[in-house]
Amino acid sequence: MKTRLAILSLIIFLAVLPAFAGKYLLYVTIHILLLSIFSLGFNLLFGYTGLLSFGQAGFYAVGAYGCAKILLAYPSLLAGIIGGVALAGVASLVLGILCIRHTRIYFSMLTLSFGMMIFSLAWKWRDMTGGDDGLVGIPRAPLEIPGLLRLNMAPMENYYYVVLVFSLLAIYLFHRLVHSPLGLTLQGIRDSETRTACVGISVRNYRLVSFTIAGMYAGLAGALLPPLESTVTPPVAHWSFSAEPVLATLLGGIYTFSGPIVGAFLFYVLKDIIVRFTQYWLICLGAIVLVLVLGFRGGVVSIFQGKGGRG
Amino acid sequence: MEILAFQGLIGLSVAMYLWLLASGLTIVFGVLGVLNFAHGSLFMLGAYFAYTFYGLWGVNFWLAIPLSLLSVAVVGYVMERFFLRHIYKEDHAYQLLLTFGFILILDDAVKMVWGGVAKIPAMPGFFEGTVSVVGRPFPVYNLFIISAGLFVAVLVWLLFEKTWWGKMVRASASDREMAGAIGINIPTLFTGVFAFGAMLAALGGALGTPVRVVAPGIGAAMIIQAFIITVIGGLGNLKGAFVGALIVGTLSAYGILLFPVFELFLIFLIMTVVLMIKPQGLFGG
């Protein structure tokens, strides 16, 4: 009951935020929501399935570039977002077939390498992606369902609500997913691959499903980016960007549902505070990673839940 | 035809940097069981130390290289002794995350100390100039790199196959507990192996300083190539690292000639093919 009340008040808070928040705060909140979706998908692979991916930015980029291309050709927000997610789904399905042939370290290396393959495409395939200039002048197209509604997206508040609705939907679906038989199967695979295989479950297929869903979550976060920024550039595919959901999840807590979301919030708050003092904020982040890995494996959420997290 | 032979030689010199990088990564993994994500950053540190000793302070080239190796070995010592050592028993994911933390720290530390601008020190005098190879000018320095790489390959092989230290390392790689039981000091040995791997990476970085750019991003770029090499050759396998480096080096030399735009893509393609046919790598068990 207490948690429900907390969640409800958080949603209400987010819903009324545009009434008193300035543009910058809305902008940061949108980014926190995007990183939350991105990290949730990552944590489906890492926390729930036991696969540490360092290439999620690749699928984020597929979503972002896909959405941008669609918006440039056909200015409809829904078409762009759905198209971007679908493209990211296809990309993660295809690369997933290759990546899930391995687990543990090899998996991490493969995802990193394939993520960088997407980066090199974004960087070099000038005709399609605009090369290092990226794609520019992407319209924040109106949200349009022909014959039903047409919402102007030009004001930041309107777009904020679109992102909020998509995020809440994604979080709700994720909650359903991890508490469904599918989610439990994935956790079974994480805890013991052999046992799960022994009860007749195809470990590979489930890993592939998990990989594809994670890719689509990354794609959704990516697809929501170009209408906000009106540009997409190759760094969104770079592996240092793949590190953001990793760090957010680690900060918030790996084996908890809300960990990635709390982590995404903390990530931006920390960044905002640290960059006030020094431009070298990554060095602080690195030190935080060392402390978290060596000492606080469960992240922030587990501290509040009063348990140290799994060893 | 001549251009192919010439480009092959270029590829060979690229392969030698990659070999120095990948060998350290694979040795550390083979013995300690830890994949050092920050290995590329050690390569970068080697380059920066060499730049400082040789390019900034004017230390003799032949002294500057060993000095930079020693400096990076100290960094490796600190990493292993105070951090990695505590998580050998943990899941691989945490070891990766820990070394990942070091990438963030080392990359930013380099920016703090040396600034974000790329640096290219002058070539040592005795390496300037070119020799004629199949009628084309080939830099003398590249010949030096090729011979240095091959020399290190032989040296590493001798070290592991013929010396007492190498035997101890191989013993603890195959059975850590047993090796400990017969009196090998495993923690000290591990520190030594990690520092040794760090020095190999640093050597690659240091030797590259006169011809390659020294910039904060090079570590991250190199680690990807090292990963691809070890995926192709088989993780933990020295022979695999050598062959993998040769494949990736030559491919990028020819690739840049044939498909300048998709040179990088070609390497990923090879990796994919190897993965499909032999997921454990060409030399993996």
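This is a predicted model: local features need pLDDT of at least 70, side-chain atom pairs count only at pLDDT 80 or more; totals for chains, interfaces and linings use all residues.
B:Thr52 belongs to helix H2 of chain B, which covers residues 39–56. A separation of 8.7 Å was computed between the C-alpha atoms of B:Thr52 and B:Ser68, two residues that stand 16 residues apart along the chain.

Of the 285 residues in chain B, 49% are buried. The secondary structure of this chain consists of 11 helices and 2 strands, arranged along the sequence in the order α-α-α-α-β-β-α-α-α-α-α-α-α. The C-alpha trace of chain B extends over about 60 × 50 × 35 Å along its principal axes. The radius of gyration of chain B is 19 Å, in agreement with the value near 19 Å for a compact globule of 285 residues. Of the contacts in chain B between residues at least 6 apart in sequence, 75% link residues that are at least 24 apart.

Chain B also meets chain A, in a contact that involves 30 residues from chain A and 34 residues from chain B. On the side of chain A that touches chain B, two or more residues each are contributed by helix H5 (104–124), helix H12 (239–252) and helix H14 (281–294) of chain A. The largest share of this side, 13 residues, is supplied by H5(A). By residue class, the side of chain A that touches chain B comprises 21 nonpolar, 6 polar and 3 charged residues.

Conventions:
Residues are numbered from 1 along each chain as its sequence is written. Chains are lettered from A and ligands numbered from 1 in the order in which they are written. Two residues are in contact if their C-beta atoms, placed from the backbone, lie within 7 Å. Helices (H or I, at least four residues) and strands (E, at least two) are DSSP runs, numbered from the N terminus. Ala, Val, Leu, Ile, Met, Phe, Trp, Tyr, Cys and Pro count as nonpolar, Asp, Glu, Lys and Arg as charged, and the others, Gly among them, as polar. The radius of gyration is taken over C-alpha atoms; the globule rule is 2.2 Å times the number of residues to the power 0.38. A residue is buried if 20 or more other C-beta atoms lie within 10 Å of its own, exposed if 12 or fewer, and partly exposed in between; C-beta atoms are placed from the backbone.
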